[in-house]
Amino acid sequence: MAKAQKKIILTGDRPTGRLHVGHYVGSLKQRVALQNSGEFDEVYIMIADAQALTDNADNPEKIRQNIIEVALDYLAVGLDPARVNLFIQSQIPELCEMTCFYMNLVTVSRLQRNPTVKSEIQMRNFASSIPAGFLTYPVSQAADITAFKATTVPTGEDQEPMLEQTREIVRAFNSIYGDVLVEPAIYLSANKVCLRLPGIDGRAKMSKSLGNCIYLSEPSDDLKKKVMSMFTDKNHLRVEDPGEVEGNPVFIYLDAFARDEHFAEFLPEYTNLDEMKAHYTRGGLGDVKVKKFLNNVLQAELAPIRERRRAYSRDIPEVYRILQEGSMRAREKAAQTMAEMKRAMKINYFDDTALIAEQAKRFAG
Ligand code: TRP
């Protein structure tokens, strides 16, 4: 009888800054739910420092500083080191080894067509000076995923092209060398609005360089200031005016965060978000009131996260110990897969006694 396939999660983030509420609704929240579901045999969550270095080679200090920030964010949202392996990508040399072999299964033009890489190249104004490591990071990401035989990758929607590239590599590898690797599936937030939360200025992407993020670790008064400064419907000038909820950042955030319990607690004149939206649409509901409610909702949601972050911050050596232990376990798994790959690729010369005997016979003449 065939062994039932294990269910394995692998995902990660580049440590280029603290994580924000967009990461939270887009992916971190799901990771915690999946961890708690008990449905997965193994869970690996990776701080992708090697990938971050593909466009930050000249600034390793930035990456080094942000590793601990991201680790604290992970722990703060409720990822539990007893149930998940939190690890650092660069500490797993097998990932580089796999990348090297996968490179032979991918064409340069295929990499150049990757829509995520294309838009990142544009954003960074690389023009013709694209680091080779940056162009090929989807291949290294395929190694990240396949090293753990991940079946499920909970991540943002923008990562779908990486998953597609990974599946192509898996199929190429398995068809040439035999079934070793596992095709992964992306796991997206069910709440469509969570797929990409806009910045507080309404721009499509929350980004540190645009200064339009709300961080998970945002102190309470900064959080309030940011919410009160959010863009809304620019044509909604007076309270009496009818307002537009579609594309209105404040309502997009409410779609992502507000639950009926929040209304009961903070704004009982509405039972749910639909009622509030209807009032805004017909006129008579001011932006300040909506923002105050959003602030209450976000404060409620982020308070426990902030509290857990503070608790872990008091014992930073312990956080590094968690990462080191996670990295050790991750390495064991990756090394196991690497050994299987080498066997399949017939580059396991020294443990292949049949090969040695066969060659001995051939030369014995
Ligand atoms: N590319 C991801 C990001 O920019 C980070 C990442 C690296 C990742 N390796 C991964 C995500 C493997 C999922 C699976 O956030």
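Which element gives the largest share of the lining of the largest pocket? Helix H1 does, with 5 residues. This is a predicted model, so local features need pLDDT of at least 70 and side-chain atom pairs count only at pLDDT 80 or more, while totals for chains, interfaces and linings use all residues. Residues are numbered from 1 along each chain as its sequence is written, and side-chain values use heavy atoms, with hydrogens and water left out.

**The pocket**

- The largest pocket has a volume of about 1,400 Å³, taken as the space filled by probe spheres set on grid points joined across faces, edges and corners.
- A pocket here is an open set of points on a 1 Å grid over the protein atoms alone, where a 1.4 Å probe fits and protein lies on both sides within 12 Å along at least five of seven lines; lining residues have an atom within 4 Å of a point.
- Its lining counts 47 residues, and Arg14, Thr16, His23, Asp158 and Lys205 lie nearest the centre.
- Two or more lining residues come from each of S1, helix H1 (21-37), helix H6 (115-123) and H8; helices (H or I, at least four residues) and strands (E, at least two) are DSSP runs, numbered from the N terminus.
- By class, the lining holds 14 nonpolar, 19 polar and 14 charged residues, with Gly counted as polar.

**The ligand and its shell**

- The ligand takes up the space of the largest pocket, a placement that requires more than half of its atoms to lie within 2 Å of the grid points.
- Strand S1 (8-13) and helix H8 (137-146) are the elements giving two or more residues to the shell around the ligand.
- Among the residues surrounding the ligand are Leu10, Met46, Ile145 and Val153, and the shell divides into 5 nonpolar, 5 polar and 2 charged.

**Polar contacts (N or O pairs within 3.5 Å)**

- A ligand oxygen is 3.2 Å from a side-chain N or O atom of arginine 14.
- Taken alone the ligand exposes 360 Å², and the protein buries 91% of that (Shrake-Rupley method, 1.4 Å probe).

How values were computed:
A residue is near a molecule or strand if one of its heavy atoms lies within 4 Å of it. A polar contact is a pair of N or O atoms within 3.5 Å; within protein, one must be able to donate a hydrogen and the other to accept it, and residues adjacent in sequence count only if both atoms are side-chain atoms.
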